[in-house]
Amino acid sequence: MIVKKLDKKFYLGSALDSTTNFLGKVLVHTTPEGRVSGVVYEVEAYPAFYDKVHHGNKKTPRTEVMWEGGGCAYVYLIYGVWNQFAVVVNKENIPDVVFIRAVIPLEGIEVMKGQWGKEVETSKLASSPGKLCKSFLITKKQYGVDLTGNELFFEDWGIRVPNDIKTAKRVGISSIHEGHDLPLRYLVNPSLMTSSPL
């Protein structure tokens, strides 16, 4: 198996064009406790300006990193508890992001389990955005991290994604917002991926 770290070019497509490209890619975090990784199977697109619910449409201290161009991490906190991780894509001054919702753990599973203080099934360690960040030790310290560097990044392991990528409306967006029901969530059954170490 040839493993390739994703380069800057990968991150320069628009959210609408590139979100599904993250399916089957492997998210890696080199933590003080060791390397953790997992294969992405659920993502959401947040295209700038076209998408009325995207809070990156306005440049603020919180969203500033989105305007810097593709290839860096956007990390934020919700409910004062859960960190969330999205990838900034597209060109400078177009604040598109791809939200990483779920991965299947591959490496560093004991490190991930050690973050919980209780027994957690391996398949549940990163099955939601908040769980993913907790298990992967992703916090606001990773805000703005260069995803082509050696701390937090994506790799291509040659995992082939099934053709039947499912679409759905995004999670956690109130129906009072225009665009809440756009079918910009994409997911696959990870057991159907081929050439996978799962």
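Q: What counts as a helix or a strand, and from which end are they numbered?
A: Helices (H or I, at least four residues) and strands (E, at least two) are DSSP runs, and the numbering starts at the N terminus. The structure above is a predicted model, in which local features need pLDDT of at least 70 and side-chain atom pairs count only at pLDDT 80 or more, while totals for chains, interfaces and linings use all residues. Residues are numbered from 1 along each chain as its sequence is written, and side-chain values use heavy atoms, with hydrogens and water left out.

Q: Where does asparagine 90 lie, and is it buried or exposed?
A: Relative accessible area decides the second point: under 20% is buried, over 50% is exposed, and values in between are partly exposed (1.4 Å probe, protein chains only). Asparagine 90 sits in the loop that joins strand 5 and strand 6, and with a relative accessible area of 9% asparagine 90 is buried.

Q: What is the phi of asparagine 90, and which value does leucine 137 have?
A: Asparagine 90 is not a glycine, and yet its phi is positive, at about 75°. Leucine 137, also a residue other than glycine, has a positive phi near 55°. Leucine 137 belongs to the loop between helix 3 (129–135) and strand 7, and its 19% relative accessibility makes it count as buried.

Q: Which residues is glutamate 92 in contact with, leaving aside its neighbours within four places in sequence?
A: Contact means heavy atoms within 4.5 Å. By that rule, and with those sequence neighbours left out, glutamate 92 touches Trp67, Glu68 and Gly69. The C-alpha atoms of glutamate 92 and glycine 69 are 3.8 Å apart, although 23 residues separate the two along the chain. Glutamate 92 lies in the loop between strand 5 and strand 6, and at 56% relative accessibility glutamate 92 counts as exposed.

Q: How many salt bridges does a search of the whole structure find?
A: A salt bridge is a side-chain nitrogen of Lys or Arg within 4 Å of a carboxyl oxygen of Asp or Glu. The search finds six salt bridges. In one of them, the side chains of glutamate 155 and arginine 35 meet with an N to O distance of 2.8 Å. This pair links distant parts of the chain, 120 residues apart, with glutamate 155 in strand 7 (residues 152–156) and arginine 35 in strand 3 (residues 34–46). Glutamate 155, at 8% relative accessibility, is buried, whereas arginine 35, at 32%, is partly exposed.

Q: Which residues are linked in a network of salt bridges?
A: The network links Glu42, Glu44, Arg101 and Arg185. Within it, glutamate 42 pairs with arginine 101, and their closest N and O atoms are 2.9 Å apart. Glutamate 42 is in strand 3 and arginine 101 in strand 6, so this pair ties together parts that are 59 residues apart in sequence. Arginine 185 also meets glutamate 42 in a salt bridge, at 2.7 Å from N to O. Here arginine 185 in strand 9 and glutamate 42 in strand 3 are 143 residues apart, so that distant parts of the chain are linked. Glutamate 42 is buried at 7% relative accessibility, arginine 101 is buried at 11%, and arginine 185 is buried at 19%.

Q: Which side chain of opposite charge is nearest to aspartate 96?
A: For charge, Lys and Arg count as positive and Asp and Glu as negative, while His and the chain ends are not counted. Aspartate 96 is buried and has no salt bridge, and the nearest side chain of opposite charge, that of arginine 170, is 9.9 Å away. Aspartate 96 lies in strand 6 (residues 96–107), and arginine 170 is in the loop between strand 8 (166–168) and strand 9 (185–187). Arginine 170 is buried too, with a relative accessible area of 3%.

Q: Which backbone atoms do the side chains of aspartate 96 and arginine 170 reach?
A: A polar contact is a pair of N or O atoms within 3.5 Å; within protein, one must be able to donate a hydrogen and the other to accept it, and residues adjacent in sequence count only if both atoms are side-chain atoms. The side chain of aspartate 96 reaches the backbone nitrogen of alanine 15 at 2.8 Å, and that of arginine 170 reaches the backbone oxygen of alanine 45 at 3.0 Å. Beyond its neighbours within four places in sequence, aspartate 96 has contacts that include Ser14, Ala15, Tyr46 and Asn90.
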